[in-house]
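Reader: I would like to go through this model one question at a time, with the cut-offs stated as each term comes up.

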Amino acid sequence: MNNKMKKKRIVVAMSGGVDSSVVACLLKEQGFEVIGITLQLYKSNIEVTKKKSCCAGQDIYDAKEVARKINIPHYVLDYEEKFNDFVIKNFIDSYRNGETPIPCVQCNQYIKFSELLNTAKGYGADYLATGHYIKTKIQDNEISYFVADDKNKDQSYFLFQTRKKDMPFLKFPLGDFKKSETRELAIKYDIPVANKLESQDICFIPDGNYRNFLKKYAGLGEIGNIEDEHRNILGKHNGIENYTVGQRKHLNISTGEPLYVLKILKESNKIIVGKKSKLKSNSFILNNFNWLGRGNISEHSILKKVLIKVRARHIPVEGEVYLYDNKKNAKVILNDPAYGVAKGQGCVLYKQNGQLLGGGWIQ
């Protein structure tokens, strides 16, 4: 068989869930030479009782069974050390520093679209595919990402740190599908995960209780003051890692009116609370800005009339973004204020037509 007739080889990151399993089926049906890879990222000794939690061992087994069903090679690779270094440690350190981390972005950035992509290339693959819901379009011979057709499943927010140079090697076949359609395909392909429930928790905390998870680590749990904006002490906290900006519940203080976490002060080990109106933010700073839009942008570019999300479920707000420090950092100004803008979260930018432009980390 000459090179022109040779099948394109594609590695599919198979998590053991419905989405990535359907991706493997679709790509095989389209004529690709499909290789399934499942990453062993962590071990969990927690007994999972929540139906929407994942379990590492079960997911690996499910991925193997799907690969066997559709007759593709499947490999389990041990990425525990790298996952611990790049994702879990960052997660812990972020809470130590009074930030609110997004481990899924870190995993995409450092594990799936860096380490795994390099592994896929080592297997001689032309592409790496995942089950993320995000649309891909070609515009003027350049790849662009767009919000998925299924807005409830859209995962473009979690891909804002994807490297532009890697975009030609990545495939996201589910961007045009509704989740219900993916389920229907799973039933059509008769794969064993067709009715598997969806995981909605952080994968390495399958019971969903991140506070219990953090208790295992040193340097956390230091008692400090909960204060109002005038530095009046209202109560005590049992560690800044137990709080996020915008939080209202579990403050254990009583003032006769609802109060929210406004600031988390690491240096003085304090939680500052106040009225909801004080949570409004019109401007903030980003670092590690990453551009995914068409072409290049200049050092002092101003991005006007862009749609801005400050967390995954945030309804985008229109605003402007001013780049500086050789495009590494940016200042964001919102036309309408957003509530609960938290340090450590991602700020993600879109064009009015839904194109993903990139983003950075809120400082």
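**A pocket, a barrel and a hairpin**

Reader: What volume does the second largest pocket have?
Author: The model is predicted, so local features need pLDDT of at least 70 and side-chain atom pairs count only at pLDDT 80 or more, while totals for chains, interfaces and linings use all residues. Residues are numbered from 1 along each chain as its sequence is written, and side-chain values use heavy atoms, with hydrogens and water left out. A pocket is an open set of points on a 1 Å grid over the protein atoms alone, where a 1.4 Å probe fits and protein lies on both sides within 12 Å along at least five of seven lines. With grid points joined across faces, edges and corners, and the volume taken as the space filled by probe spheres set on the points, the second largest pocket comes to about 360 Å³.

Reader: Which element gives the most residues to the lining of that pocket?
Author: Lining residues have an atom within 4 Å of a point, and of the 18 found here, Val245, Leu262, Lys263, Val341 and Lys343 are the closest to the centre of the pocket. Strands are DSSP runs of E, at least two residues long and numbered from the N terminus, and those giving two or more residues to this lining are β10 (260-265) and β12. With 4 residues, the element that gives the most is β10.

Reader: Is valine 341 buried or exposed?
Author: Valine 341 sits in the loop between β15 and β16 (346-350), where, leaving aside neighbours within four places in sequence, it is in contact (heavy atoms within 4.5 Å) with Val245, Ser281, Phe284, Val310 and Ile362. Buried means under 20% relative accessible area with a 1.4 Å probe and protein chains only, exposed over 50%, and partly exposed in between. Because its relative accessibility is 14%, valine 341 counts as buried.

Reader: How many strands form the closed barrel?
Author: Two strands pair if DSSP finds at least two bridges between them, and β12 (residues 280-291) and β15 (residues 329-339) pair in the antiparallel sense over 6 bridges. Lysine 280 stands opposite tyrosine 339 in β15. The closed barrel, antiparallel in its pairing, runs β12-β15-β14-β13-β16-β17, and its number of strands is 6.

Reader: Which residue is the bridge partner of isoleucine 138 in β6?
Author: β5 (residues 135-139) and β6 pair in the antiparallel sense over 5 bridges, and they form a hairpin with 2 residues between them. Strand β6 (residues 142-146) is largely enclosed by the rest of the structure, because 4 of its 5 residues are buried. In β6, the bridge partner of isoleucine 138 is isoleucine 143.
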